[in-house]
Amino acid sequence: MAERTATIGSRVGLHARPAAIFAEAAGQAGLEVTIAKPGEPAEEAMDASSILSLMSLGAEYGQQVILRADGPGADQALDHLVTVLETDHDAE
């Protein structure tokens, strides 16, 4: 299973617009991607393609999250998703 740590780059955290952008990117990955806060068990990770899951995670600006995916292309997909999370989408 591939795993990456990302730091939330949007000033408003993983809410509304940034969550929608990330959920869409995660859904297009073609893999099951999960997201969790550091220290949480992998089996309690949330579906990264679900806007409701992302918003209920409560990830704030500057906070780290763990992304996990398994399958062909998981490393590349996670690298792309880290870039999406670390971008301040509200500054665009």
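These legends describe close-up views of a predicted model. Residues are numbered from 1 along each chain as its sequence is written, and side-chain values use heavy atoms, leaving out hydrogens and water. In this predicted model, local features need pLDDT of at least 70 and side-chain atom pairs count only at pLDDT 80 or more, while totals for chains, interfaces and linings use all residues.

**View 1. The open sheet has 4 strands.**
Their order is β1-β4-β2-β3, with antiparallel pairing. Helices (H or I, at least four residues) and strands (E, at least two) are DSSP runs, numbered from the N terminus. Two strands pair if DSSP finds at least two bridges between them. β1 and β3 (46–47) are the edge strands, each pairing on one side only.

**View 2. β2 meets β3 through 2 bridges.**
The two strands run antiparallel. I35 stands opposite M46 in β3.

**View 3. The largest nonpolar core has 26 residues.**
Such a core is a set of buried Ala, Val, Leu, Ile, Met, Phe, Trp, Tyr and Cys residues joined through side-chain atoms within 4.5 Å. Buried means under 20% relative accessible area, exposed over 50%, and partly exposed in between (1.4 Å probe, protein chains only). L14, F22, I35, V65, L67, L81 and L85 have the most contacts inside this core. At least two residues each come from β1 (2–7), α1, β2 (33–36), α2, β4 (64–69) and α3. α3 gives the most, with 7 residues.

**View 4. V65 and its contacts.**
Contact means heavy atoms within 4.5 Å. Neighbours within four places in sequence are left aside. V65 then touches R4, T5, A6, I8, I35, A36, P38, L57, A59 and L85.

**View 5. S53 in helix α2 (residues 51–57).**
S53 is buried, with a relative accessible area of 17%. Beyond its neighbours within four places in sequence, S53 is in contact with M46 and D47.

**View 6. The largest cavity holds about 40 Å³ of space.**
A cavity is a set of points on a 1 Å grid over the protein atoms alone where a 1.4 Å probe fits but cannot get out; lining residues have an atom within 4 Å of a point. Grid points are joined across faces, edges and corners, and the volume is the space filled by probe spheres set on the points. The count comes to 1 cavity of 30 Å³ or more. I8, G9, S10, G13, L14, P18, F22, V84, L85 and H89 line the largest cavity. α1 (16–27) and α3 (74–85) are the elements that give two or more residues to this lining. The lining residues divide into 6 nonpolar, 4 polar and no charged. Here Ala, Val, Leu, Ile, Met, Phe, Trp, Tyr, Cys and Pro count as nonpolar, Asp, Glu, Lys and Arg as charged, and the others, Gly among them, as polar.

Terms used. On a 1 Å grid over the protein atoms alone, a cavity is a set of points where a 1.4 Å probe fits but cannot get out, and a pocket is an open set with protein on both sides within 12 Å along at least five of seven lines; lining residues have an atom within 4 Å of a point.
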